[in-house]
Structures are given as structure tokens and as C-alpha cells.
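I opened the notebook to record what I looked up in this structure.

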Amino acid sequence: MQGLWWNTCLRILVNGKPGYKCVVGTRRCFSVKTSVWAPPKALSVDMESFTPDTIRNFSIIAHIDHGKSTLADRLLELTGTIAKKTSGKNEQVLDKLKVERERGITVKAQTASMIHKYGESNFLLNLIDTPGHVDFAWEVSRSLAACQGAVLLVDASQGVQAQSISVFHNARERGMKIIPVLNKIDLPASEPERIAEQMKATFGIDPSEILHISAKTGKGVEAVLEAIIDRIPAPQGAKEDPLKAFLFDSLYDRYRGVISLVSVQQGSIRKGDKIVSCHTRKRYEVTDVGIMHPEEVPTHCLNPGQVGYIACGMKQSAEAHVGDTLHRAGEKVDPLEGFKPAKAMVFAGIFPIENSEFPKLEESINRLTLTDRSVTVQRESSSALGQGCRLGFLGTLHMDVFRQRLEDEYDASVIVTSPTVPYKIIFMDGREKVVSNPTEFPEVTDSSTRVREVQEPVVKASMIVPEEYMGELMELCFQHRGENLEHRYLDAGAGRASRIIITCILPLSEIVTDFFDQLKSRSSGFASFDYEDAGYKKSDLAKMSFLLNGKPVDALAIIVHRSKQDATGRQWVKKLHQVIPKQLFEVPIQAAIGRKVIARETLKALRADVTAGLYGGHYERKMKHLENQKESKRKMKKMGSVELPQEAFFDMLSTKKS
Ligand SMILES: Nc1nc2c(ncn2[C@@H]2O[C@H](COP(=O)(O)OP(=O)(O)OP(=O)(O)O)[C@@H](O)[C@H]2O)c(=O)[nH]1
């Protein structure tokens with residue numbers, strides 16, 4: 001079970017028979033949900049009986065929504081790992097997080113071991129489910145590192161999409177065996193033959209190798225299980241060799257500390273073993289070992305080729321270094337090759353709505369990062385928003401999912417500042433500095449800052465669309481400063497419903513704002529999009545500050561490209577004008593670059609009617625009251641600062657994309 005949840009089983013009588021009541025709660029709010037639940041079955045199969053030739057480690061890879069989690073459900077049912085649903089409803093068993101269920105997306109790769117009888121033998125099939133969205137590509141590459149093969153799923157009605165291509169190449173580069181599968185053949189709009197030709201043209205896959213299935217109805221899924229056993233190579237490794245366990249993921253359990261997911265490459269690991277991390281050189285004793293079936297099921301050991309979990313008293317998440325090799329104390333081994341660490345692409349400040357809530361928020365962030373190791377955390381303080389944290393994410397969906405998890409699982413109320421990408425500042429003396437917070441961005445117009453140039457991160461973007469949307473998309477790329485635009489036909493021979501793939505170099509900062517939304521609307525939802533890091537490029541950028549009553553508000557500062565500074569300045573100032581409540585005095589709202597004001601709006605003063613209580617003539621008294629009011633406002637303006645409630649920040653930052 002994921003570290004944030006735990007089950008407490010109470011023995012009760014159900015319909016006169018002994019049963020269990022499952023009490024599910026989070027660490028914070030112990031909301032109680034009751035359901036009748038069978039006790040976890042102890043695994044009747046002996047793990048020792050699974051030698052590498054009877055093990056297959058595989059992953060399901062696909063573009064978002066092509067049916068990975070649905071196929072995972074069917075495989076778990078077919079192998080008897082979970083009970084078959086008679087309701088026909090898809091349970092998406094491996095999508096355990098609330099955010100995954102609500103949004104219908106997978107954000108966290110999960111592992112499940114299944115046992116399947118094929119011919120005369122029992123096979124141990126280890127499935128590692130992967131997320132589809134580009135923001136979670138790191139989870140995909142991490143999962144692939146523990147597998148020898150992958151099921152490449154393509155929706156038979158939508159065809160090859162941008163991420164189908166990136167995950168295919170990712171798996172191919174690792175030398176993995178790929179089983180091509182066309183899914184959703186039950187849909188009336190599906191065109192399996194045409195899409196098979198498309199897969200041949202794009203991936204060089206022979207159409208006769210492609211399996212045709214409906215993960216929803218279960219049609220053809222049995223053949224997938226057979227192909228996994230027949231086509232994917234068995235893992236290598238001997239039990240007698242020194243232990244090498246590859247750590248590919250970790251979870252946090254409040255009672256047992258860090259739980260590491262490992263794939264045993266050689267040797268074996270069992271309870272009581274003394275192990276050492278190649279990365280930290282720390283020594284541990286294994287206190288628990290088992291497989292995910294799909295929940296934790298303790299076993300006596302994990303042998304070569306097997307994938308499972310171990311608990312060994314690691315207290316800090318940082319101790320479970322993803323990509324690490326664990327070995328037995330006293331034995332010398334060469335560490336296995338790790339994989340590329342996650343690289344934060346988007347940064348944002350997260351602040352509590354109530355300043356006093358910061359310690360609680362920081363603790364929640366730290367706990368949540370235990371289950372999402374790709375997030376980077378640093379403390380940050382802002383004069384407007386108080387103490388907070390600056391977090392680095394893999395993309396804006398990742399950022400949004402993290403915020404939602406903070407709210408769902410930790411009951412936190414937060415303000416998230418607008419996302420920024422990491423800029424590179426090159427100084428005259430050759431020094432380089434990466435800045436991911438606009439407040440630290442130097443005033444490039446000021447020669448005393450000795451900045452030689454500023455560079456911004458760029459990505460190689462690829463988009464797949466039906467041909468008729470090509471013009472719209474080309475224009476969109478130009479508007480977002482796209483360069484090196486190229487396109488080619490995806491289908492062999494242009495013709496009916498041809499689709500094209502457009503590639504170009506785009507600044508990452510353009511993608512984190514509204515690019516994706518516009519791509520969807522301009523292509524009527526038909527475009528699919530993927531990108532990969534393409535380094536840094538010199539750019540004409542500047543810091544835009546926002547001043548209220550002449551004072552800059554640090555949390556609102558942004559970095560803009562000079563070609564867009566006027567439009568952006570005007571747009572933001574207008575929004576600020578809408579969200580800031582009227583004050584007792586007139587407030588100028590300005591956008592400025594250096595000392596130059598780019599845009600301005602004036603928030604009119606709230607006019608209290610000080611003469612309301614005066615009846616009849618008394619003209620002189622009325623004038624006196626109005627004079628007094630004017631004078632006190634002048635004083636306030638001089639001394640007072642603008643009341644900017646947290647809600648205004650919230651509105652501002654959450655509406656910035658519109
Ligand atoms: N008609 C039909 N619908 C399917 C089939 N397989 C999956 N779906 C539907 O397609 C949608 C997406 O399926 P998921 O299994 O969540 O897709 P996924 O690839 O896991 O999505 P991510 O985890 O977000 O990448 C769901 O509404 C499924 O019910 C199928 O064979 N036929």
C-alpha cells in the first residue's frame with residue numbers, strides 16, 4: 001500500500017461469518033470508510049520455485065489514455081491476482097492515488113506480481129505500470145530499467161500519437177523486446193488494419209506481430225499474456241552470485257520507514273540479511289521482504305529476476321537513492337548502471353494561505369516528496385507571502401498534481417506562484433548562474449550587474465495532427481517563438497485522413513504557460529504533443545516587476561521575452577486591477593522593466609460618504625468633513641501600504657493563464 005495510507009483490519013462477523021472490516025485513513029484526517037474485506041491471502045506459491053527462466057519482467061507503455069491501466073486490470077483478473085468484476089466497471093487497480101482516480105490518469109508507476117500457469121509451468125509475471133503523460137516520463141524510464149520487455153499499446157481508433165513514439169524509442173534504446181498491441185478494437189471508429197500500417201511505417205513493426213485486443217471487454221488479452229511469456233526474454237542472474245539488487249522506486253510507511261522496490265539482478269535477499277548501499281555506503285538489516293500482489297505480500301526471499309519490496313530501517317527518503325545497487329555486507333560488487341536523474345523543468349513557490357501554517361506545510365511537502373522523488377525542494381521567503389518553499393517539477397501537470405495531492409492527502413491550503421523555468425545567466429567574467437526564481441533575476445538593463453547574456457531552456461517539441469490542422473499549428477508555433485519548424489507525413493503515402501508530425505525548437509517557458517491549451521483548442525483536441533530537453537539558447541529576456549503604490553511585490557515578478565513585454569505587462573496589470581479590492585486611497589498599479597514603466601492602471605479610492613449623517617444646509621460643515629477625509633487619505637497614502645489579501649494573490653495566480 002502507498003505510504004500515505006494504511007489499513008487497520010478489525011475482525012467482525014459478516015452475515016454470521018467471520019470477515020474483516022477495512023478502516024482506511026490518512027495520517028492527517030482519519031476519515032473512516034467501511035467495507036467488507038477479505039484478509040490478505042498468504043501466498044501459497046513458494047518464491048524459491050521461480051527460477052529466472054520462469055520469470056518475465058515487463059512494462060506497459062503507451063500514449064496517455066490508450067488503455068494501460070485498463071489492460072493492467074484485465075491481466076490481474078486473468079491471472080487471478082484480483083477478483084473479476086462482474087459489474088463491467090474498470091477498477092484501475094494500480095491507480096491508487098485519489099488524484100489518479102479523479103483525473104483518470106496515472107502519475108505514479110506501480111508494480112504488481114502475477115502468477116500464471118502456462119503449459120506445465122507456473123510463471124511469475126512482474127508488471128510495472130507506467131504513466132503516459134510527458135511530465136511523468138521520468139517514472140517511465142525508471143520502470144523500464146527494471147524490465148526486459150514492454151507491451152506497446154496503441155489505440156486502434158486514434159493511432160500512433162506523440163508519446164507512442166517517445167516511449168517506443170525509450171524502450172528500443174534499452175534493447176527491450178517490444179510486443180506491439182492495438183487496443184480498443186471494440187470501438188466502431190477503430191481501424192486496426194490502417195493503424196497497423198501506420199505502426200509499420202513509424203516503427204518498422206511487422207503487422208503480423210501486432211496483437212489486436214479490447215482491454216475493456218477482455219477480447220484478445222489472453223494472447224497478450226502468452227506473448228509476454230513467449231517473446232520477452234527471461235531475466236539473467238544466478239542465485240549463487242553475490243547479491244546485486246537494483247533499487248528503482250521507494251515508498252514511505254509511517255511505521256517501517258522507507259520501503260524500497262527492488263529488482264534482484266543476481267544473488268538473493270532474505271529477512272535478516274545485512275546489506276549495504278553502493279551509493280551511501282550505509283549498512284542495513286533487512287526486516288521485511290515480499291512482492292506486490294498487488295498489495296504487499298511478505299515472502300521468505302527475493303531471488304534473481306524477481307521484483308519486490310524490502311524494508312530495512314531506512315529512516316530518510318534520501319537514503320533510498322533511486323538507481324542505487326544494494327549488496328550484501330562484506331561482499332564486493334560493481335554497482336549496476338543507474339539512470340538519468342530527474343531534471344526539474346518548472347519551478348514555483350508554494351506558500352501557506354495562513355503564514356503560521358508554514359511548519360505544517362513544510363512537513364507535508366517533505367512527506368509527499370518521499371513518494372515523488374522527482375520534486376526538488378528549497379526554502380523560500382517572500383515579503384508578500386511570508387515563508388514558503390520553492391519546488392522544482394517535471395512540468396506544469398506534475399506541479400498541479402502535486403498541489404492537488406497536498407490538498408487531498410495533507411489537507412493543506414496553499415498559494416502557488418506562477419511557474420518559472422530555470423534561466424542561465426552568463427556574466428562578463430565567464431561565471432554562470434542558474435536562476436529559477438524571478439526575484440533573483442538580475443536587472444539586465446543595468447550595466448553594473450555585469451551580465452553578458454541570458455540563456456533560456458529550449459525543448460524539441462513534436463506534435464502529431466491530422467493534416468487539415470497543419471496551418472493552425474504552424475502559426476501557433478511561430479507565435480510561441482518556435483524555430484527550425486519541420487514536418488513530414490506519418491502515414492505511408494499521403495491520402496485519406498493523413499496525419500503529419502511537426503517538430504520544432506520551442507522555448508520551455510512558452511510551453512509552461514498556455515501552449516498546451518491552445519494546441520488542444522486549435523486542433524479541436526486532435527493534436528498530441530511531446531517534448532524533450534534540447535539544452536539552452538541565448539535569449540532577450542528581462543524581469544518584469546509589478547508595483548502597487550510604487551512598491552514592488554516580489555511574489556508577482558515574472559521573466560518575459562522582450563518581444564512580448566508590452567502585451568504581458570498590460571494583461572497582468574489589468575488582472576491585478578480586477579482582483580485587488582479598493583483601498584481608502586487611489587492606488588497606481590504598474591508593470592515595470594528596470595525603471596521603465598510598461599503599463600499602468602489606477603485603482604480608484606473607496607469613497608466613504610462622510611457627509612451621510614449631515615442633514616439640511618450646513619454647507620461649511622460638509623466641506624470641512626470632506627477636507628478632513630482628503631487629508632487623512634493623503635497621510636495614509638504616504639504611510640500606508642496597499643492591503644493585498646491572500647485571496648487576491650490566489651485569484652491572480654490562478655487566472656494568469658486565461
Ligand atoms: N472502448 C474501449 N475503451 C477502452 C479500452 N481500453 C481502455 N478504454 C478506455 O480508455 C480510457 C483510458 O483508459 P486508461 O486505462 O485509463 O488509459 P491509460 O493509458 O492508463 O491512461 P494514463 O494512465 O492516463 O496514461 C478509459 O476510459 C477506459 O475505459 C478498450 O479496449 N475499449
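**Entry 1**

Is Arg450 buried or exposed? I counted 11 other C-beta atoms within 10 Å of Arg450, so Arg450 is exposed. The cut-offs I used: a residue is buried if 20 or more other C-beta atoms lie within 10 Å of its own, exposed if 12 or fewer, and partly exposed in between, with C-beta atoms placed from the backbone. Arg450 is found in the loop between β25 (432-435) and β26 (451-466). I looked up its phi: about 55 degrees, positive, although Arg450 is not a glycine. Most residues other than glycine have a negative phi.

I then checked Asn484. Its phi is also positive, about 50 degrees, and Asn484 is not a glycine. Asn484 belongs to strand β27 (residues 483-489). With 11 other C-beta atoms within 10 Å, Asn484 is exposed.

**Entry 1: what kind of model this is**

I noted that this is a predicted model, in which local features need pLDDT of at least 70 and side-chain atom pairs count only at pLDDT 80 or more, while totals for chains, interfaces and linings use all residues. Residues are numbered from 1 along each chain as its sequence is written.

pLDDT is the predictor's confidence in each residue, from 0 to 100. The protein chain has a mean pLDDT of 79, and 78% of its residues reach 70 or more. Over residues 1-40 the pLDDT is below 50, and this stretch has 60 contacts in the model beyond near neighbours in sequence. Residues 635-640 are also below 50, with three such contacts. I count two residues as in contact if their C-beta atoms, placed from the backbone, lie within 7 Å. The model scores ipTM 0.98 and pTM 0.69.

**Entry 2: the chain overall**

I found 13 helices and 34 strands in the protein chain. These are DSSP runs numbered from the N terminus: helices are H or I with at least four residues, strands are E with at least two. Of the 658 residues, 41% are buried. Among contacts with a separation of 6 or more, 69% are between residues 24 or more positions apart.

How many residues of β20 are buried? Seven of the seven residues in β20 (residues 346-352) are buried. Val346, Ala348, Ile350 and Pro352 point one way, and Phe347, Gly349 and Phe351 point the other way.

I count two strands as paired if DSSP finds at least two bridges between them. β20 and β22 run antiparallel and are joined by five bridges. Phe347 stands opposite Gly392 in β22. β20 also pairs with β23 (residues 414-416), antiparallel, over three bridges. There, Ile350 stands opposite Val416.

I followed β22 (residues 386-393) to Phe393. Phe393 has 25 C-beta neighbours inside 10 Å and so counts as buried. The C-alpha atoms of Phe393 and Val346 are separated by 5.1 Å, although the two are 47 residues apart along the chain. Leaving aside neighbours within four places in sequence, the contacts of Phe393 include Val346, Val375 and Phe402.

**Entry 3: the β24-β25 hairpin**

β24 (residues 423-427) pairs with β25 in the antiparallel sense over four bridges. Ile425 stands opposite Lys433 in β25. Four residues lie between the strands of this hairpin, and Gly430 takes a positive phi near 90 degrees.

**Entry 4: the largest nonpolar core**

Which residues touch the most other members of the largest nonpolar core? They are Ala150, Val151, Leu152, Val181 and Met463, in a core of 152 residues. By my definition, such a core is a set of buried Ala, Val, Leu, Ile, Met, Phe, Trp, Tyr and Cys residues joined through C-beta atoms within 7 Å. β26 gives the most to this core, with seven residues. Leaving aside neighbours within four places in sequence, Met463 is in contact with residues including Ala162, Leu473, Ile502 and Phe529.

**Entry 5: helix α11**

α11 (residues 565-579) has 15 residues and reaches 21 Å from its first C-alpha to its last. That is close to the 21 Å expected at 1.5 Å a residue, taken as 1.5 Å times one less than the number of residues. Its buried residues are Gly569, Trp572, Val573 and Leu576. They sit on the same side of α11 because they cover an arc of only 100 degrees around the axis, using the directions from the helix axis to the C-beta atoms. On the other side of α11, Ala567 and Gln578 are exposed.
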